[in-house]
Amino acid sequence: MPVRGCIIGGGLAGAMLAWRLAGRTRWELDLFTGDPGAADATAVSGGAVRGYERHPEQRRLAVLSLVELRSSRTLRRCSQFYPIDSTYLRADPDRVDAEIAEIEA
């Protein structure tokens, strides 16, 4: 018997969650999105998918999600993802180079 699930929101997080669960054969998913053109969490956050989390494990998981997103044309299209170039630097100059190198790797 399949597991039924409902995802509310079709932005970046909702699209990625649906993508991951759809790959499991025992899931039946319903995806509810807002009205076209209405502001949602992705619109509010700017849809930031980032690899600059402070905690090393959270950063590693964020980078893996970003790699997954960027490597799938279907997932990018479904989530309406588009890359922008930006770099966020922390106040700790001793760690900046190492963290940027980790993200870029």
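1. Core. In this predicted model, the largest nonpolar core consists of seven residues: Leu12, Ala15, Met16, Leu66, Leu69, Leu75 and Phe81. A nonpolar core here is a set of buried Ala, Val, Leu, Ile, Met, Phe, Trp, Tyr and Cys residues joined through side-chain atoms within 4.5 Å. Buried means under 20% relative accessible area, exposed over 50%, and partly exposed in between, with a 1.4 Å probe and protein chains only. Two or more core residues come from each of helix H1 (12–22) and helix H3 (56–71). H1 is the main contributor, giving three residues.

2. Basis. Residues are numbered from 1 along each chain as its sequence is written, and side-chain values use heavy atoms, with hydrogens and water left out. As the model is predicted, local features need pLDDT of at least 70 and side-chain atom pairs count only at pLDDT 80 or more, while totals for chains, interfaces and linings use all residues.

3. Confidence. The protein has an average pLDDT (the predictor's confidence in each residue, from 0 to 100) of 74, and 80% of the residues score at least 70. Strand E1 (residues 3–8) has the highest mean, 86, and helix H2 (residues 41–45) the lowest, 59.

4. Layout. Five helices and two strands are assigned; these are DSSP runs numbered from the N terminus, with helices (H or I) of at least four residues and strands (E) of at least two. Their order along the sequence is β-α-β-α-α-α-α.

5. Totals. The protein has 105 residues, of which 22% count as buried. Its accessible surface is about 8,100 Å², with 55% belonging to carbon and sulfur atoms; the areas come from the Shrake-Rupley method with a 1.4 Å probe, and for residues only the protein chains shown count as cover. Of the contacts (heavy atoms within 4.5 Å) between residues at least 6 apart in sequence, 51% join residues at least 24 apart.

6. Helix H3. This helix has 16 residues and spans 22 Å from first C-alpha to last, close to the 22 Å expected at 1.5 Å a residue. The expected span is 1.5 Å times one less than the number of residues. Buried positions in H3 are Arg59, Ala62, Val63, Ser65, Leu66 and Leu69. Viewed down the axis, these buried residues fall within an arc of 160 degrees, so they line one face of the helix; the arc is that of the directions from the helix axis to the C-beta atoms. Val67 and Ser71, on the other side of H3, are exposed. The partners of the buried residues are H1, helix H4 (73–79) and helix H5 (93–104).

7. Leucine 64 belongs to H3 and counts as partly exposed because its relative accessibility is 45%. Its C-alpha is separated by 9.8 Å from that of isoleucine 103, 39 residues apart along the chain. Arginine 70 is also in H3 and is partly exposed at 48% relative accessible area. Leaving aside neighbours within four places in sequence, arginine 70 contacts Arg76, Phe81 and Pro83. Between arginine 70 and tyrosine 82, twelve residues apart along the chain, the C-alpha separation is 9.0 Å.

8. Glu28. Glutamate 28 lies in strand E2 (residues 27–32) and, at 39% relative accessibility, counts as partly exposed. Residues up to four places away in sequence aside, glutamate 28 touches Pro2, Val3, Arg4 and Gly5. Glutamate 28 and arginine 4 are 24 residues apart in sequence, with 4.8 Å from C-alpha to C-alpha.
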